[in-house]
Amino acid sequence: MSQTNKAFSDARPLDQEIAVSVRGVSKNYGSVVALKDMTLEFPRGQLTSLLGPSGCGKTTLLKIIAGLLKPDSGEIIVNGKPVVGPGPNRSFVFQDFALLPWANVMRNVAFGLELRGVAKSEREAKAAKYIKDVGLGGFEKAYPHELSGGMRQRVGLARALAVDSRVLLLDEPFSAVDEQTRRKFQEDLLALVANENKTFIFVTHSIEEAVYVSDQIAILLPRPSRVSEIIRPTSFRSKGVENIRRDPEYLDIVDEIWASLRSYVE
Amino acid sequence: MWIKGYKLPAMSSLLIWGLLWEIIGQLDLTFFVPPLSNVFATLFVIIGSPAFLNALWETAQAFLAGVFFSIVIGIPVGIFMGRSRLLDELLLPWVNIFVSAPLTALVPVLMVLFGFGMKSIIITTTLFGIWIIILNTRAGVRQINRSLVEMATSFGASPLDAFAKVYFWAALPEILGGVRIGVIRAVKGVIIGQLLISIVGFGALFELYASNFLMSHFWAVLIVLFALAFSISEFLGYLERKVSYYAASR
């Protein structure tokens, strides 16, 4: 536990600049308080997880950052500009992939660019690159129903990458794929964070997944929704993907998070 | 259908009914049912006649125009109703009334409003076909996966793009189902229009043959009409099957 506390105290001050900041955001659904006066900052070029029990408002927060939902009060600042709706500086990866079932992989990956009015040859060249990058080379002409769940999410990821926005919002992207695929995805995600200079905001309900992939973990608690703590693992990020899961700090953080969340799980 | 391991060709039940028809006709039980062979003989005689071709042309014009308006008005209205709570509240009662209303009773009103010509026939045809297309499109749009809508929004789709590139395609299986039923109802509409409004086209032929007790002629025209409606319906059914691969996984 001591290592975790040390990690926690090391978390401040941040030396990175802030890509996305959430300032005093509240959101109610009727009489239900989904988010209450939430303030949170996301450092540029890093992956921040939003982790918490169901009902803690993590997906709501992500959709507010995406501009898909309007907050009742407070504001979101992305790269210095307040969010008023969806914009090209953010792209979204959906839990259920949200692919067009009538379009092949190429069109799906290029769809974000298509909606932005990019010419066909240009957007397909870009899409082809990202299809290869996510490991789907050769499947350009396949349709979503011909792909496995994992491959479909790779399409969703490639589509989000192809629009080349600075901030990637991932809403439980691996929860609908099987365990082994999920592990591969997590490793690939680490490589992606390292190679692409993008800010990742990652919603998950898996403690192990959050600790494994994150530079920073925001623990959200429900009723009323709030950020209970922010954890920044320090030591295992540089040790290589195959060593993370047996690193003592990794195990300590997982235990600590579970200890603080267990009382909220029905 | 399979019988003892042999696959019967589609519509082979029609052979049985055709045979029964022929037997009843040959027995001369009623003037109303002439032998099927006579009906077909008459069919081949009249099918090339100017009167028939003229009727076919008049009916096809009114029918195609009516179907065209049902589709180009019905699908967008259905999409808007499926997407907008307000429009849905406003229009749904009317759609529900008209989809079950005895439209034939409205035809005299249409004659008063729009005269005795082609215009009234086309409007009658449209009124027969359009409501079920609206309802089916609306149902199709309402069950679109929410995240597909959010996806289009998050990538900055303009309203037009969202309609043309996402909502329409996502609702296409239901839309085609609605169009298929709407087209069949439009066949009824065009004939009723031609019988009641101005005696033209197939409606005139039916009127002529029935009032002169030319039952072979009557049945021959009915068979042609059935064959046309059946082909269109089968074609739309074929399109429906082509999109069924994604109907289950939207």
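The model is a predicted one, in which local features need pLDDT of at least 70, side-chain atom pairs count only at pLDDT 80 or more, and totals for chains, interfaces and linings use all residues. Residues are numbered from 1 along each chain as its sequence is written, chains are lettered from A and ligands numbered from 1 in the order in which they are written, and side-chain values use heavy atoms, leaving out hydrogens and water.

Strands and helices here are DSSP runs numbered from the N terminus (strands E, at least two residues; helices H or I, at least four), and two strands pair if DSSP finds at least two bridges between them. In chain A, 6 strands make an open, mixed sheet in the order S6-S7-S8-S3-S9-S10. Strand S6 (90-93) and strand S10 (226-231) of chain A each have a single partner strand, so one side of each lacks a neighbour in the sheet. On average, neighbouring strands of this sheet are turned by 20 degrees against each other, direction ignored. S6(A) runs parallel to strand S7 (residues 167-171) of chain A, with 4 bridges. Helix H2 (residues 58-66) of chain A lies across several strands, including S7, at about 150 degrees to S7(A); axes are lines fitted to C-alpha atoms, for helices over the stretch in contact (heavy atoms within 4.5 Å), and angles run from 0 to 180 degrees between N-to-C directions.

Another open sheet of chain A has 4 strands in the order S2-S1-S4-S5, paired antiparallel. Its edge strands are S2 (32-43) and S5 (81-82) of chain A, each pairing on one side only. Strand S1 (residues 18-29) of chain A joins S2(A) over 8 antiparallel bridges, and A:Ile18 has A:Pro43 as its bridge partner in S2(A).

Now to the meeting of the two chains. The contact draws 20 residues from chain B and 24 residues from chain A. Together the chains bury about 2,000 Å², 68% of it on carbon and sulfur atoms; buried area is the accessible area (1.4 Å probe) that two parts lose on being put together, summed over both. In chain B, the residues losing the most area to chain A are B:Phe155, B:Lys165 and B:Tyr245, together 35% of what that side buries. There are 2 salt bridges between the chains (a side-chain nitrogen of Lys or Arg within 4 Å of a carboxyl oxygen of Asp or Glu). B:Lys165 forms a salt bridge with A:Glu114, at 3.1 Å from N to O.
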